[in-house]
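Please open the model in your viewer and keep the sequence panel at hand. The stops below are meant to be selected one after another.

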Amino acid sequence: MPSTDDFHQSIGRLVAQILTYPPDSAQRRRLLNQLVRRVMQSGKLWKEYKPYYGDALQQMWEYCLTHLEEYDPSRASVTTWLNYYLKKRLRYFRDRSYRELKRRATPYTTSENKDLDPLDRVSAPEDIEPVIDIWQKTLKWVETDPDGILRATCFRKRPEINAQTLFLKRFPSETPWKEIAADFDLDEAETKDLPKFYNRKCLPLLRNFGSSQGYINS
Amino acid sequence: MTFAAEPYTPLSLPITLADRQTARRFAAEQPNATKAEQVYRNTLAVLSTSHYLEMLGIATDPQAGDSWNAAVRFFADVAELPIVGYGSLECRPVNVDERACYVPSEVQEERLGYVVVQLDAECEAVTFLGFTETANSESIKINQLRSLDDLIDCVSRSYPVQTAFADLRQWLDNAVEAGWESVESLLTPNPDLIPVRGQAVAESPSTTDNTAAIAPVLRLLQPNQAETIRRHAASVLGEIGGDRPEVIYALVDLIDNTEDEETRWQASLSLGKLSPNHPLAGVRRAKQLEIAENVEILFIVALMPKSKGRLGVDIQIEAIGSTPILPPDLTLSVLANGVTRTTVTARSDDQGVGIDSAMRRRFTPPAGTDFQVKIQWRDREVIESFIA
């Protein structure tokens, strides 16, 4: 096994090499990929068993890898530099969860001794009503096909195989494509083409419906 | 280190709380548990891949994909991640120990490729198992996936390999391009400096008075000595000889008269150290390369002036580090006009363990022509161009 010094030197050289390539080059990104893997697998990153550790780690990596030129090899090893930002992010999340705890009543922690993650409780899902509304409204649109566009979108001059019938076979229960093909007595080539038709002709109709209804998540 | 036995360990990262919240939100919209589970896992796969690519500087836009359109999500088992300016990736989740990845028929088209993302049982960590550009059936075998480097190539600009030629004739005038250093500065101790007879030889720096030490070494250059002795003596003179006329004369005499190519190289390189501007002086420079993770090699180029204005070129790669063995299948090739002229590959024993510590190729290209040296291992390659 290479010694710790070898590791730090080798990682330092890797960073220097990365900086010689433009940010959008495959060469730089391949080396960044190598850097992340080697550092993650070295076990040299600061570790804390906190629910928000993954969030802090992800933010640290995203910041540091896009600001590699800020790293000063004369001051610290690469992992020391990464750990500095990691701890900074961890502090941020810790302070935030304290604030959340203070703001909310704390029946959760008293009723159960388990170390519950405060962030898990921050945003309860929006009212269940509008959520169910989305699939019911979408399903209703498919079933009624008010513009007749779904029924008009058919597979190979087979009016009974159209966007509407296919949608209803795929939702709410996901009928396998082979089964659908068998139901419609399709030959081998048609069986292969049916999902392509679904992808190319049917899903765009849903895509438009979703956008028009504002069903795009943020 | 046994390179053949060393498995590629894919990267694992923890899943963020923020991503789990988003995934839960999407899953909560679904009419049944099966669909909710599917949406939950697809969303985590998309978000984790998105973060990872963003870390590498690859801009993604999950919101522009079908996975963020609630209506489409109901009717398609989709995990689409749009890459800004390139197209969409499909990020398919698998469980730990699954050997194949399910790719629904409806997402087998219009994709740049498929990233297979393993979620652990608690959905707390992801492992990026690999990438493939095409999915021709509903199942992709995990062990046939390519590394994420292939994905990076798909969504990055490819800059041409630096084609600046190193002008080897300039090297003889001691004008060496940046990045090339003396072998001694990169490699200590110098394996060429083999102590011959007596401590005075091994220890003397060339600045002190070596008259007493030089005379016996000069005698070792005589034709009645074994060729290996003459070669070692030439090497030692390169270290201790100084700029003395009798040493220069003896080395030139050796270059002119030896029948042995190896000895001639050594004499020429020693001459280069003592009298760099001599017309017969050779030069040797090296560059350290990291051909893969933890695999560092020394790339050495030596030159020796030959008759009719041509240059003898000696290309060598040497393993360095704690276990100086070249990884098996590492290939050294010389190309001219795009055609491979000579090539050599590092070997392994029956167990797949590397056995070669160095490889070399020597040749004498026509004066003024260019050639490329390619060092290749697995999917990594380094190409350097030279003019002879």
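The tour goes from helix packing to aromatic pairs, then to rings under charges and to backbone features.

Before selecting anything, note that this is a predicted model, in which local features need pLDDT of at least 70 and side-chain atom pairs count only at pLDDT 80 or more, while totals for chains, interfaces and linings use all residues. Residues are numbered from 1 along each chain as its sequence is written, chains are lettered from A and ligands numbered from 1 in the order in which they are written, and side-chain values use heavy atoms, with hydrogens and water left out.

**Helix packing in chain A**

Select α2(A) and α3(A), whose axes lie 12 Å apart at an angle of about 140°; helices here are DSSP runs of H or I with at least four residues, strands are runs of E with at least two, and both are numbered from the N terminus. Axes are lines fitted to C-alpha atoms, for helices over the stretch in contact, and angles run from 0 to 180 degrees between N-to-C directions. The two helices α2(A) and α3(A) are oblique to each other (angles under 35 degrees count as roughly parallel, over 145 as roughly antiparallel, 65 to 115 as roughly perpendicular and the rest as oblique). From α2(A), the contact (heavy atoms within 4.5 Å) uses A:Leu32, A:Leu35, A:Val36, A:Val39 and A:Met40, and from α3(A) it uses A:Leu57, A:Trp61 and A:Leu65.

**Aromatic pairs**

Over all chains, the structure holds 24 aromatic pairs, where rings of Phe, Tyr and Trp (its six-membered ring) pair if their centres lie within 6.5 Å, and planes under 30 degrees apart count as stacked, over 60 as edge-to-face and the rest as tilted. One of these pairs joins A:Tyr52 and A:Phe93, which are stacked at 5.9 Å centre to centre with 15° between the planes. Because A:Tyr52 lies in the loop between α2 (26–42) and α3 (53–66) of chain A and A:Phe93 in helix α4 (residues 78–103), the pair ties together parts that are 41 residues apart in sequence. A:Tyr52 is buried at 4% relative accessibility, and A:Phe93 is buried at 3% (buried means under 20% relative accessible area, exposed over 50%, partly exposed in between, with a 1.4 Å probe and protein chains only).

Next, select A:Trp135 and A:Phe171, an edge-to-face pair with ring centres 6.2 Å apart and planes at 75°. Both A:Trp135 and A:Phe171 are buried. Which cluster do ring pairs build around A:Trp135? Ring pairs link A:Trp135, A:Phe167, A:Phe171, A:Trp177, A:Tyr198, B:Phe74 and B:Phe75.

**Charges over rings**

A:Lys44 lies over the face of A:Phe7, at 4.9 Å from the ring centre, and B:Arg73 lies over the face of B:Phe26, at 3.9 Å; this requires NZ of Lys or CZ of Arg within 6 Å of the ring centre and within 35 degrees of the ring normal.

**Backbone features**

Return to A:Phe171, where the peptide bond to A:Pro172 is cis, with omega near 0°. Then select A:Lys157, which has a positive phi of about 55° although it is not a glycine; A:Lys157 is exposed, with a relative accessible area of 83%. Finish at B:Asn174, whose phi is near 65° and which is partly exposed at 41% relative accessibility.
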